[in-house]
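Dear colleague,

Please find the structure below, for your review. My notes on it follow.

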Amino acid sequence: YREKGMRVGIDTVEIERIEKLYKKEGHNFLNRVFTKKEKEILIELEKVNSKQLYSKIAGKYAVKEAVYKALGDGISYNRIETLNYNDGKPYVKIYSNDNIEIDKYDINVSITHDKVNAIAIVIIEERG
């Protein structure tokens with residue numbers, strides 16, 4: 001049992017580690033970790049040889065870790081989705097095992113990158 005209230009999660013991911021993993025596993029890695037929409041976005045970046053590919057993957061991965069830490073109840077990574085509004089601001093959706101959006105949380109997310117790491121922090125508040 002967990003009390004309602006604010007939950008915080010933070011994570012940092014080494015971009016080079018993600019690059020090595022992606023070069024080794026390719027789309028198997030994407031299929032295991034990311035949602036359909038996230039995969040479409042990442043594969044599009046790959047197609048255009050975006051220099052941001054690995055930092056974007058690392059950022060989305062860091063968000064998944066941060067959400068997992070904040071909720072602490074064994075949610076799988078491919079049920080946590082990070083997308084972006086038109087202005088670039090990220091937002092997070094969480095899905096049940098039968099792919100239905102769970103809307104009982106207000107989730108604030110921030111992602112930052114430098115040349116080495118992607119860092120994400122989430123603040124999650126249960127509604128109601």
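In which helix is the place of glutamate 38? Glutamate 38 sits in α3, where helices (H or I, at least four residues) and strands (E, at least two) are DSSP runs numbered from the N terminus. This is a predicted model, in which local features need pLDDT of at least 70 and side-chain atom pairs count only at pLDDT 80 or more, while totals for chains, interfaces and linings use all residues. Residues are numbered from 1 along each chain as its sequence is written, and side-chain values use heavy atoms, without hydrogens and water.

Glutamate 38 is buried, at a relative accessible area of 0%; buried means under 20% (1.4 Å probe, protein chains only). A polar atom of the glutamate 38 side chain lies 2.8 Å from the backbone nitrogen of threonine 82. Beyond four places in sequence, glutamate 38 touches residues including Lys60, Lys64 and Ile80, contact being heavy atoms within 4.5 Å.

An open sheet of 3 strands runs in the order β2-β3-β4 with antiparallel pairing; strands pair if DSSP finds at least two bridges between them. β2 (80-84) and β4 (101-102) are at the edges, each with a single partner strand, so one side of each lacks a neighbour in the sheet. Helix α3 packs on the sheet, touching β2 and β3.

Yours sincerely

Key
Buried < 20%, exposed > 50% of the residue type's maximum accessible area, 1.4 Å probe, protein only. Polar contact = N/O pair within 3.5 Å; in protein donor to acceptor, adjacent residues only side chain to side chain. Axes fitted to C-alpha atoms, helices over the stretch in contact; angles between N-to-C directions.
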